[in-house]
Amino acid sequence: MRDNTHHVDAAGLVEWERLASPGSHFLDLGCGAGWLTALLTRRAEVAKVVAWDSSPHLVGEMLPEMVALLDGDMSKVEAVCGEFVPLLVEDRSIDVAVMSSAFHHADRPDALLDELRRVLTPGGTLMLLNETPWHRLAMLTFTLRTSAAALVNLGGRRSRVRRPGHLAVDHALYDARLGDRAMTLPQWRALAARTGWSIERIDTGLPPYRESFRPRGRLEPNLTHFLMRPGA
């Protein structure tokens, strides 16, 4: 992953020591193979990381290997296989929740934010890492393409859309197979406002992919972190 993307480098820009005090409990939700979990366990202020993913293979097999590969501390890890909602974590038990390139896969983002509010301790923080909010022109392009495909289908012909999705008021599902959703920055802020969270955008200045792996598109955004805290 590090050879092809800037995700690990972008995560390294976070001032973790400002978010966590000694003895902090973290939740790495949608942890995947566990590279972020591994890096977090190396930090002195992190006492525990709940590494959570829906894939039994990733949690059961890849996670321990990744933690060992990155010189992490598996004794700090509680591995859990489960879905985003319901989030079977005790109330007020997590100091910092993190999701790297994972939140945009949530099919019920409002419900997920409600669950995360419940599990965070008072003063707790949610860090959404490595998201790519769409430029408004990119959303407009998707809207026009989706509308054209719908018109073709209305005429009795089947549109040849490579990755069929849909357009909603508050997001675009641009890859139904992977469950990839996109939002513009105003849509991100609207999501935070209606669910009662503050949101701070952190532009990492890094593109998602290295130039040697994939040339950057004209409207491709930088990797973006969102620092979020629940309101009163």
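Predicted model: local features only at pLDDT ≥ 70, side-chain atom pairs only at ≥ 80, totals over all residues.
A salt bridge is taken here as a side-chain nitrogen of Lys or Arg within 4 Å of a carboxyl oxygen of Asp or Glu. Glutamate 45 is buried, its relative accessible area being 12%, whereas arginine 43 is partly exposed at 24%. Salt bridges with shared partners also bring in a further residue, joining Glu17, Arg43 and Glu45 into one network.

Two other pairs are worth a look. Arginine 194 is bridged to aspartate 170, with 3.2 Å between the closest N and O atoms. Arginine 194 belongs to helix 7 (residues 185–195), while aspartate 170 sits in the loop between strand 6 (166–167) and strand 7 (172–175), so this pair ties together parts that are 24 residues apart in sequence. Arginine 194 is partly exposed, with 43% relative accessibility, and aspartate 170 is likewise partly exposed, at 28%. The side chains of arginine 18 and glutamate 15 also meet in a salt bridge, at an N to O distance of 2.8 Å. Here arginine 18 is exposed at 67% relative accessibility, and glutamate 15 is partly exposed at 40%. By the same rule, the count for the model comes to ten salt bridges.

Leaving aside residues up to four places away in sequence, serine 24 touches Glu45, Val46, Ala47, Lys48 and Asp95. Serine 24 has a relative accessible area of 2% and therefore counts as buried, the cut-off being under 20%.

Note on methods: Residues numbered from 1 in each chain as written. Heavy atoms only, no water. Buried < 20%, exposed > 50% of the residue type's maximum accessible area, 1.4 Å probe, protein only. Contact = heavy atoms within 4.5 Å. Helix = DSSP H or I, 4+ residues; strand = E, 2+ residues; numbered from the N terminus.
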